[in-house]
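Please read the report below alongside the sequence and the coordinates.

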Amino acid sequence: MEVMDNKKAAQVWQRVTGNNLPMRNTGELLEMIAEEWADASTYLHLSRHLQGKESGILRKLSEQEQAHTACLKGIYTLITGSAPKVRTIAPTQEPPMQVLRRCYGREMHCLAQYEARMSDPEYGPVFARLAEQEREHCRLILELIGNLKRAK
């Protein structure tokens, strides 16, 4: 007779019933959507004030953040059965260096959130990919900051 592992049985049962899955906190998910949307708006806004390679990098960052927003909205829709309602804030008028400093901090915050959710049984691979892209965003922001410092 085969012995059943109680811990494994509990994990399977939780997966079947949907209890205790990390992404069941829709409030946190809404905050993540709002944060990604704010980043996308900020990068697009900043891309219009810089030129050349820097502007192109910022447009690319904006597009990727919009894709992150769409992924998170998709997760929210699958969990709740309805589209999320998120309020966004318009970008502020500040010097590019100050904006990029704040963006770096927000990217690090998003990275930590995604890394914490990589073990999610349903969406873990998506969060792993988002974390990978956030790491690259951090690198690109540091590159932008380095180029701005050199230009001044």
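Residues 24 or more positions apart account for 78% of the contacts in the chain with a separation of 6 or more, where a contact means heavy atoms within 4.5 Å. This is a predicted model, in which local features need pLDDT of at least 70 and side-chain atom pairs count only at pLDDT 80 or more, while totals for chains, interfaces and linings use all residues. Residues are numbered from 1 along each chain as its sequence is written, and side-chain values use heavy atoms, with hydrogens and water left out.

The chain contains 5 helices and 0 strands, helices being DSSP runs (H or I) of at least four residues and strands runs (E) of at least two, numbered from the N terminus. Of its 152 residues, 38% count as buried, that is, under 20% relative accessible area with a 1.4 Å probe, protein chains only. The chain exposes about 9,300 Å², of which carbon and sulfur atoms supply 55%.

The axes of helix H2 and helix H4, lines fitted to C-alpha atoms over the stretch in contact, with angles from 0 to 180 degrees between N-to-C directions, come within 11 Å and cross at roughly 150°. That makes H2 roughly antiparallel to H4, a term for angles over 145 degrees.

| Helix | Residues | Contact residues include |
|---|---|---|
| H2 | 26–47 | Met-32, Ala-38, Tyr-43 and Leu-46 |
| H4 | 96–116 | Val-99, Leu-100, Cys-103 and Tyr-114 |

By class, the contact of H2 with H4 has 10 nonpolar, 3 polar and 5 charged residues; Ala, Val, Leu, Ile, Met, Phe, Trp, Tyr, Cys and Pro count as nonpolar, Asp, Glu, Lys and Arg as charged, and the others, Gly among them, as polar.

Technical notes: Buried means under 20% relative accessible area, exposed over 50%, partly exposed in between (1.4 Å probe, protein chains only). Accessible areas come from the Shrake-Rupley method with a 1.4 Å probe; for residues, only the protein chains shown count as cover. Angles under 35 degrees count as roughly parallel, over 145 as roughly antiparallel, 65 to 115 as roughly perpendicular and the rest as oblique.
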